[in-house]
Amino acid sequence: MSIEGLTPKQIVEKLDSYIIGQDKAKRAVAVALRNRIRRIHLSEDIRDEVAPKNILMIGPTGVGKTEIARRLAKLVNAPFIKVEATKYTEVGYVGRDVESMVRDLMAVGFNNVKKEVEDSMREACGPKVEERLLDLLLPGTGKKEEKSEEKSASPFEIIPFSGTPEEAQKFMEEQNSRLAAQQAEDEKKAAEKPVDNSTREKFRAMLREGKLEEREVEVTVKRQRSMPSMEIIAGGSMDDIQSGMMEIQNMLSGKNHKQKTVTVREARKILTEEVLDSMIDSDKVADKAKERVEQSGIIFIDEIDKIATKNGEGHGSNVSREGVQRDILPIVEGSKVNTKFGVVDTTHILFVAAGAFSLAAPSDLIPELQGRFPLRVELESLSKADFKRILTEPKNALTKQYTALLATEGVNIVFTEDAIDRMSEIAEELNARSENIGARRLHTIMEKVLEEISFDADEHEGETVNVDSKYVDEKLTGVVKDQDLSRYIL
């Protein structure tokens with residue numbers, strides 16, 4: 001669904017379907033997204049002056065920071081990318097160039113726009129794909145006619161002429177009339193020509209009826225090669241460099257095509273993509289994607305607390321961390337980044353940063369970067385009531401997931417109310433006693449509770465297993481009581 005038709009309340013409601021609690025963070029994100037649309041509708045003289053209000057989400061791991069970002073990516077029709085701050089380093093240290101996040105966002109935007117254009121043209125390319133499939137199934141049919149048509153459709157010849165401009169104009173009119181008459185004659189002959197491709201038409205009918213889907217044909221596949229990005233030179237990994245060198249080698253050797261033997265069903269997919277590529281104007285797609293990225297793009301920077309440095313610690317790895325902050329700063333402030341699709345202005349891209357800040361504080365970020373994230377949202381730790389809701393309410397609740405998984409083997413799992421209460425209580429207790437890992441604690445608890453039935457599922461086909469509080473205690477009591485063991489297992 002397009003963000004254009006979503007109000008902040010509707011955005012929060014949709015996030016509620018997957019994420020429990022954290023209303024402050026949801027409201028902040030919803031308002032920030034809606035402001036993107038409000039800004040677009042402003043007059044040009046004030047539109048460029050309205051800067052996005054970047055958001056810094058603060059909270060322990062497992063409370064929903066990344067999940068909010070992931071669900072937003074699926075919810076809004078805007079270019080979106082999630083990056084880890086820890087994978088970037090300043091020049092001179094191992095890591096990627098920070099500008100690569102903008103290049104990656106632009107690639108996402110280009111692919112999104114290209115997919116939209118392809119979907120709108122997919123039906124129109126059907127006849128062309130059908131003809132190419134028939135050419136593969138019946139090599140040689142239909143090609144002679146095409147050549148003859150090309151020949152008759154282009155009856156141009158060079159005729160020397162000398163005379164006045166008036167005579168030249170008259171001569172050109174006579175030539176155009178002659179060409180028009182010739183084309184009309186050719187079309188008439190083509191219409192009167194008896195149909196001699198009955199075999200091709202029979203195959204066409206069989207193709208449309210789906211009777212040839214498993215027949216094998218040989219397809220010439222064009223390798224999708226582009227000039228390797230200069231990022232492989234600065235900040236790229238060894239895999240990036242090797243991939244780039246292979247692309248250069250293939251380009252120089254001319255290995256742009258390869259033969260593949262595939263079924264008609266697979267050939268239709270390959271040919272459809274080739275035909276769509278030939279119909280799409282990449283320059284127009286890139287221009288539209290660039291505008292969408294600049295006006296409504298969103299970059300989610302996770303683990304930003306890992307590049308924070310405490311005051312007075314300016315040595316060792318902290319030098320690199322502060323360098324990353326200073327490299328990220330111009331991107332967030334607004335700068336022009338060169339991509340293979342064109343120069344992208346980051347001034348109006350929305351940045352959402354997140355971090356646990358358990359070992360550092362937001363104030364440990366450099367002041368300039370702090371000022372670029374004016375909205376601070378603190379996510380709350382999860383309680384027993386939150387865990388209970390997480391286990392039952394969301395569309396992707398863990399209890400629903402495990403019930404569906406075991407149902408594939410004929411085992412019916414039923415979670416009782418007291419079992420949900422007990423698992424929620426244990427999750428809260430373990431998070432308070434050891435490391436607080438939020439909702440991720442429920443994953444380990446559920447795995448431990450259902451470990452035995454998951455292993456022996458084939459022996460319980462057709463049975464119904466009731467998971468109650470007693471069942472939960474049997475599987476977890478030993479682990480919960482032994483604090484040393486719980487540190488490793490839960």
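**A helix pair and its surroundings**

Tutor: Helix H6 (residues 126–137) packs against helix H9 (residues 198–208) at an angle of about 115 degrees, and their axes lie 10 Å apart. Axes here are lines fitted to C-alpha atoms, for helices over the stretch in contact, with angles from 0 to 180 degrees between N-to-C directions. H6 passes H9 in a right-handed crossing; a crossing is right-handed if the near helix is turned clockwise from the far one by less than a right angle, and left-handed if anticlockwise. On the H6 side the contact involves Glu 130, Glu 131, Leu 133, Leu 134, Asp 135 and Leu 137, and H9 contributes Arg 200, Phe 203, Arg 204, Leu 207 and Arg 208. Contact means heavy atoms within 4.5 Å. Helices (H or I, at least four residues) and strands (E, at least two) are DSSP runs, numbered from the N terminus.

The model is predicted: local features need pLDDT of at least 70 and side-chain atom pairs count only at pLDDT 80 or more, whereas totals for chains, interfaces and linings use all residues. Residues are numbered from 1 along each chain as its sequence is written, and side-chain values use heavy atoms, leaving out hydrogens and water.

Gly 126 lies in H6 and is partly exposed because its relative accessible area is 32%; buried means under 20%, exposed over 50%, and partly exposed in between (1.4 Å probe, protein chains only). In the loop between H5 and H6 one finds Glu 123, which is exposed, with a relative accessible area of 74%. Glu 123 and Thr 272 are likewise 149 residues apart in sequence, with 9.9 Å between their C-alpha atoms.

Both Thr 272 and Val 275 are among the buried residues of H11, as are Val 264, Ala 267, Ile 270, Leu 271, Glu 274 and Leu 276. Helix H11 (residues 264–279) has 16 residues, which should span 22 Å at 1.5 Å a residue, and its end C-alpha atoms are 22 Å apart, so the two values agree. The expected span is 1.5 Å times one less than the number of residues.

Next comes helix H12 (residues 282–296), whose 15 residues reach 20 Å from first C-alpha to last, close to the expected 21 Å. Its buried residues are Val 285, Ala 286, Ala 289, Arg 292, Val 293, Glu 294 and Ser 296. They pack against helix H2 (23–40), H5, S5 and strand S7 (342–345).

Strand S5 (residues 298–302) includes Asp 302, which counts as buried because its relative accessibility is 6%. Asp 302 lies 219 residues from Val 83 in sequence, yet their C-alpha atoms are 6.1 Å apart. Leaving out residues up to four places away, Asp 302 touches Thr 66, Lys 82, Val 83, Glu 84, Ala 85 and Ala 354. Glu 303, in the loop between S5 and helix H13 (317–333), has a positive phi of about 55 degrees although it is not a glycine. Most residues other than glycine have a negative phi.

A nonpolar core is a set of buried Ala, Val, Leu, Ile, Met, Phe, Trp, Tyr and Cys residues joined through side-chain atoms within 4.5 Å. In the largest core, of 60 residues, Met 101, Ile 299, Ile 301, Phe 351 and Leu 369 touch the most other members. Helix H5 (residues 100–121) supplies the largest share of this core, with seven residues. Apart from it lies another core, of 58 residues, including Leu 33, Ile 68, Ala 78 and Leu 442.

Helix H16 (residues 398–407) and helix H18 (residues 440–449) pack at about 35 degrees, with axes 11 Å apart. Leu 398, Thr 399 and Tyr 402 of H16 meet Leu 442, His 443, Met 446 and Glu 447 of H18. This crossing, too, is right-handed.

For the protein as a whole, there are 21 helices and eleven strands, and 39% of the 490 residues count as buried. Of the contacts with a separation of 6 or more, 78% join residues 24 or more positions apart.
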